[in-house]
Amino acid sequence: MLPKVKTIERTCSACPSQWDITLEDGQYVYVRYRWSNFSAEIYENEKAYWTKKQRNYLVQMPGNGTPDGFMSNKEMVERLKNYLDFSNVKITDTYGISYYE
């Protein structure tokens with residue numbers, strides 16, 4: 001069973017595209033797309049991210065070195081769908097995120 005997403009906050013729209021994801025069990029996922037490199041790091045909570053001694057990657061997808069830093073919400077979900085359960089999240093467009101009650 002995949003960890004279930006509770007909330008998503010897009011914290012930067014481009015260069016890099018970034019998201020903060022909170023899981024139902026309280027874990028924190030930091031997602032970043034910069035220079036065509038995609039990564040998602042997972043921690044016990046958000047504080048653990050800021051006090052980390054080393055990165056704890058959920059997934060890394062190396063890019064091709066191009067200066068691409070824009071990614072839509074839909075593409076981010078597509079890249080993480082094998083790692084996280086987004087079933088209670090509805091991505092409405094590039095920036096829109098809503099939640100099923």
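Cysteine 15 is exposed, with a relative accessible area of 57%; here exposed means over 50% relative accessible area, buried means under 20%, and partly exposed lies in between (1.4 Å probe, protein chains only). The place of this cysteine is the loop between E1 and E2. Strands (E, at least two residues) and helices (H or I, at least four residues) are DSSP runs, numbered from the N terminus. Although cysteine 15 is not a glycine, its phi is positive, at about 55°. The peptide bond that leads from cysteine 15 to proline 16 is cis, with omega near 5°. Proline 16 is likewise found in the loop between strand E1 (5-12) and strand E2 (17-23).

These values come from a predicted model, in which local features need pLDDT of at least 70, side-chain atom pairs count only at pLDDT 80 or more, and totals for chains, interfaces and linings use all residues. Residues are numbered from 1 along each chain as its sequence is written, and side-chain values use heavy atoms, with hydrogens and water left out.

Tryptophan 35 sits in the loop between strand E3 (28-34) and strand E4 (37-43). Its phi is positive, about 50°, although tryptophan 35 is not a glycine. With a relative accessibility of 46%, tryptophan 35 counts as partly exposed.

Now for the chain as a whole. Seven strands and two helices are present, and along the sequence they follow the pattern β-β-β-β-α-β-α-β-β. The radius of gyration is 13 Å, close to the 13 Å that the globule rule gives for 101 residues, so the chain is as compact as a globular protein of that length. This radius is taken over C-alpha atoms, and the globule rule is 2.2 Å times the number of residues to the power 0.38. The C-alpha trace spans about 40 × 35 × 25 Å along its principal axes.

Of the 101 residues in the chain, 37% are buried. Among contacts (heavy atoms within 4.5 Å) with a separation of 6 or more, 40% are between residues 24 or more positions apart. The accessible surface of the chain comes to about 6,100 Å², and carbon and sulfur atoms account for 48% of that surface; such areas come from the Shrake-Rupley method with a 1.4 Å probe, and for residues only the protein chains shown count as cover.

Finally, the charges. The chain has 13 positive and 13 negative charges, and their mean positions are 4 Å apart. Lys and Arg count as positive and Asp and Glu as negative, while His and the chain ends are not counted. Each charge is placed at NZ of Lys, CZ of Arg, CG of Asp or CD of Glu.
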